[in-house]
There are 2 protein chains.
Amino acid sequence: MTDPLNVCLEKKTGIDLPGSPYSVGWTRPQRILLVDNENPLPLDCGATLAPVTVEYETYGKLSRARDNAIFILHALSGDAHAAGWDADWEKYNRPWRKDRPGWWDCSIGPGKAFDTNHYFVVCANILGSCYGTTGPWSLNPHTGKPYGLSFPVVTVDDWVRLQLRLQDYLGIDKLLAIAGGSLGGQQAMSWVINYPERVQSAIIIAASARLGAQGLAFNAVGRQAILNDPCFLDGNYYGSAPPAGGLELARMLGHITYLSADSMEGKFGRRYQNGTKPCFRLNNEFSVESYLEHQGRSFVQRFDANSYLYLTRAMDYFDASAYGGGELAAAFASIEAEMLLISYSSDWLYPPEATRAVAKAIIAGGRPVSYIEIPSAYGHDAFLLETDKNTPLIDSFLKRGNYQ
Amino acid sequence: MTDPLNVCLEKKTGIDLPGSPYSVGWTRPQRILLVDNENPLPLDCGATLAPVTVEYETYGKLSRARDNAIFILHALSGDAHAAGWDADWEKYNRPWRKDRPGWWDCSIGPGKAFDTNHYFVVCANILGSCYGTTGPWSLNPHTGKPYGLSFPVVTVDDWVRLQLRLQDYLGIDKLLAIAGGSLGGQQAMSWVINYPERVQSAIIIAASARLGAQGLAFNAVGRQAILNDPCFLDGNYYGSAPPAGGLELARMLGHITYLSADSMEGKFGRRYQNGTKPCFRLNNEFSVESYLEHQGRSFVQRFDANSYLYLTRAMDYFDASAYGGGELAAAFASIEAEMLLISYSSDWLYPPEATRAVAKAIIAGGRPVSYIEIPSAYGHDAFLLETDKNTPLIDSFLKRGNYQ
């Protein structure tokens, strides 16, 4: 039973404790007011937003030439705590971080894919999320109350626009690399297309140019579950019980789409939760049911339902071809970054053929690209799970540019 | 925008009005008390049930030799009204039947796959459903109130055990054929395995020996949506507003699994509901969202949430291999019926390889079988939609036995 945010455990690659030479050790989230009223953040929806605080973490050291920075871009339910052990878990009331390292700890650290002996790795929580960066849970300075649904609808481009301000704040002219899986990979696409001169290379994993109709449909059902919840109160639930049932349901459904049918079959099959014979009851009969419920319940302890609405909507809106007037090749024609694209054979949320279409578009746009489809049974979650296969690819791609 | 129960419309095969020579014309549901207190129905869960009423319809005429009867076995959301036009739609308050024929009207009627010029076609509503056959909505004679969740958990075998009583009641020693898609196909498996001497042939469409872990998971999420609904009231909602939001959500989710990713893509893609630019809102933005909501809303007008719980659970429990101690070939070793199995290339709820496994098991059990995989983009719903492809297969299979 694995939480996708802590998948290293299951892979038995070992959990790297704070004192381990392979761990970045204890970390502390940093919060910075990146957007003030003097210089509000323009958004795709036409509104502007200020103030905006960003929570981020850094691992490794920025070189004197400021040329070794890598931005890690997190996915839907991720946060800035990508590696190491959060020394401030109590301060910010994040008990789930007590016994587990950051969500991509397998790939970030000394000697790992993103080798903190060489690189300065930065991960920032995205706009609209609930882990320290401004979102629907934040106080609206005009009302003194949480934004709730008055928070503007944000997009992947908006997130990246804010990340650019972090890049400026950190004094980094050009990022050595950006890297992300899933929705993180789509942020990377927005980066290379919109700010070609600010990024040297991009690693895009388990992501495609856009979500298909089926993916839009799953997101719509998940959001509807939250909107239906009697505790939702039009998003103004911060002073009362949160819409836990709805968010739990949304997560259960999302989780099905992150796994492949084969991996679910292998992991659970039709096994009963208790014993070998049916109990003839309407719930909690099969192991897969209990597993999903567990996933849902633990998610509501650490995620905000409003953020779920906003982030899935941003996921819906993203369409890389829009930058090229509907033509993917045109969208990628002006990029300058070196590109590595990785997909997984059993990913049905962002299937390999969709990632391949991005690779072809980059080539059609006249740019080189490295693309690899990794055979994996893990489905979409493979970007977090296939550490052994991902690491040499990322490592050699980063080294190829003689970046070290 | 098509309702899966009325898919002929979309296929432009023409809607056969009551006066058409291809229609069975006006029909009337029949209700019969098949199980009384003297002779209660034993159930797999260990309980017995009485009384039990069954609603059924018949089309065509039973031959003098009583050897031309075909039982049509309906799927999850189906009913006894498989063909023709319900003359009693007002009597039983079923307004949705006013403007549409029965759910398999494309396949049942004069000159159709199940040719009512030759066959006596019978379709009965399954136990636990909400269309006239006893279910959670029925009055519990011991309390005078609807059963609600005190209704026993029923299985596919229980449904078939009740259908056998209908066969006896109709005075039919051996059915010429049984036929069903999806959950209807699984009923057919139960028939041929449990009552080999009572069935001459079986047509099993878009069905496999069991639901996989992913299918179990989707059903669990759908049920959870109903259980979460504040109107659910532990199933005792018959005197108040039904848990419409939860049932709507369950149906939206179910609907995604009935379509293929490709057919959703082709039908909706990423089209906006209104105009060509995003409106930046959290719902009702994409066409596919509005479509699913429409499907969900119309479903709650005609289906009972408790029945949804019970029927999906029966779907979960069915596993043909259980009849053979876990061995599918052993399960089918004692069947006597001629078998036709049909699957559809894009069906991911009951995928072709799973139906093929049944065909192989039948052969391994020493029995002949006809199996065909139809190339189709329609996904699981193809069993209702691919009339042009299904008809000649069913027609020739039925004729092959010189049954006419």
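1. Two strands are taken to pair if DSSP finds at least two bridges between them; helices (H or I, at least four residues) and strands (E, at least two) are DSSP runs numbered from the N terminus. In strand 10 of chain B, B:F120 is the bridge partner of B:A69. Strand 6 (residues 69-73) and strand 10 (residues 120-124) of chain B run parallel and are joined by four bridges.

2. On provenance, this is a predicted model, in which local features need pLDDT of at least 70 and side-chain atom pairs count only at pLDDT 80 or more, while totals for chains, interfaces and linings use all residues. Residues are numbered from 1 along each chain as its sequence is written, and chains are lettered from A and ligands numbered from 1 in the order in which they are written.

3. In chain B, eight strands make up an open sheet of mixed pairing, in the order 2-5-10-6-13-14-15-16. Its edges are strand 2 (30-35) and strand 16 (370-374) of chain B, each of which pairs on one side only. From one strand to the next, the twist averages 20°.

4. Two helices of chain B lie across strands of chain B. Helix 10 (residues 352-364) of chain B lies across strand 15 (338-344) and strand 16, at about 160° to strand 15. Helix 12 (residues 387-400) of chain B lies across strand 13 (177-181), strand 14 (201-205), strand 15 and strand 16, at about 170° to strand 15. Axes are lines fitted to C-alpha atoms, for helices over the stretch in contact, and angles run from 0 to 180 degrees between N-to-C directions.

5. In chain A, the axes of helix 2 (residues 156-169) and helix 3 (residues 183-194) come within 9 Å and cross at roughly 65°. The two helices of chain A are therefore roughly perpendicular to each other (angles under 35 degrees count as roughly parallel, over 145 as roughly antiparallel, 65 to 115 as roughly perpendicular and the rest as oblique). The contact (C-beta atoms, placed from the backbone, within 7 Å) involves A:V156, A:D157, A:W159 and A:V160 of helix 2 and A:Q186, A:Q187, A:S190, A:W191 and A:N194 of helix 3.

6. Chain A and chain B each give 42 residues to their contact. Helix 4 (213-228), helix 5 (244-258), helix 6 (261-267), helix 7 (287-302) and helix 8 (305-317) of chain A each supply at least two residues of the side that touches chain B. Helix 4 of chain A gives the most, with 12 residues.
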